[in-house]
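Work through the exercises below with the sequence and the structure side by side. Try each task yourself before you read its solution.

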Amino acid sequence: GIRDKLVTGVQTCALPIWYQKQLKKIERGLATLEKDLGDNEFCHGGAFGLADICAGMALGYMDRAYSQYNWRSKFPGLKRYADTLFARPSFRATLA
């Protein structure tokens with residue numbers, strides 16, 4: 001819909017330099033989250049908490065708002081993390 005056209009327009013013609021700068025910021029944030037997460041199941045070790053809700057919602061937003069950007073292939077640790085979060089009944093209900 002409208003959102004898709006706005007994002008596509010920014011990518012293709014309107015402000016490609018601006019879009020690329022924003023994408024680099026997003027990638028730095030994703031890289032930091034992946035690094036901080038490490039091998040932990042959740043943000044603070046083995047306990048699910050508010051940080052995981054926030055991170056999960058941000059990753060879910062990436063799927064919707066930047067569907068053309070395959071963050072899962074660039075950040076396999078976040079893919080694992082997101083798969084764990086999105087398998088939770090509460091996330092499935094929220095993201096549905």
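The exercises that follow concern a predicted model, and they go from the whole chain to a single residue.

**Exercise 1. Describe the secondary structure of the protein and how much of the protein is buried.**

Solution. Begin by counting the elements, which gives six helices and zero strands, so that the order from the N terminus reads α-α-α-α-α-α. Next, turn to burial, where 27% of the 96 residues count as buried. The accessible surface, finally, comes to about 6200 Å², and 62% of that surface belongs to carbon and sulfur atoms.

**Exercise 2. Determine how helices H2 and H5 are oriented to each other, and which residues make their contact.**

Solution. Two packed helices are described by the angle between their axes and by the distance between those axes. For H2 (residues 16–37) and H5 (residues 76–86), the angle is about 75° and the axes lie 9 Å apart. Because angles of 65 to 115 degrees count as roughly perpendicular, H2 is roughly perpendicular to H5. On the side of H2 the contact is made by Leu30, Leu33, Glu34 and Leu37, while H5 contributes Pro76, Gly77, Leu78, Arg80 and Tyr81. Sorted by class, these are six nonpolar, one polar and two charged residues.

**Exercise 3. Find which residues touch the most other members of the largest nonpolar core, and which elements supply the core.**

Solution. In soluble globular proteins, nonpolar side chains tend to be buried together. The largest nonpolar core here has 19 residues, and those touching the most other members are Leu30, Leu59, Tyr69, Trp71, Leu78 and Tyr81. The elements that give two or more residues to this core are H2, H3 (50–65) and H5, with H5 providing the largest share, five residues. Take Leu78 as an example: leaving aside neighbours within four places in sequence, Leu78 is in contact with Leu30, Leu33, Glu34, Leu37, Leu59 and Trp71.

**Exercise 4. Decide whether alanine 82 is buried or exposed, and find what alanine 82 touches.**

Solution. First locate the residue, which has its place in helix H5. Not counting residues up to four places away in sequence, alanine 82 touches Leu59 and Trp71.

Key: Residues numbered from 1 in each chain as written. Predicted model: local features only at pLDDT ≥ 70, side-chain atom pairs only at ≥ 80, totals over all residues. Heavy atoms only, no water. Axes fitted to C-alpha atoms, helices over the stretch in contact; angles between N-to-C directions. Helix = DSSP H or I, 4+ residues; strand = E, 2+ residues; numbered from the N terminus. Parallel < 35°, antiparallel > 145°, perpendicular 65-115°, else oblique. Contact = heavy atoms within 4.5 Å. Nonpolar A, V, L, I, M, F, W, Y, C, P; charged D, E, K, R; others polar. Buried < 20%, exposed > 50% of the residue type's maximum accessible area, 1.4 Å probe, protein only. Areas by Shrake-Rupley, 256 points an atom, 1.4 Å probe, with all protein chains shown as cover. Core = buried A, V, L, I, M, F, W, Y, C linked by side-chain atoms within 4.5 Å.
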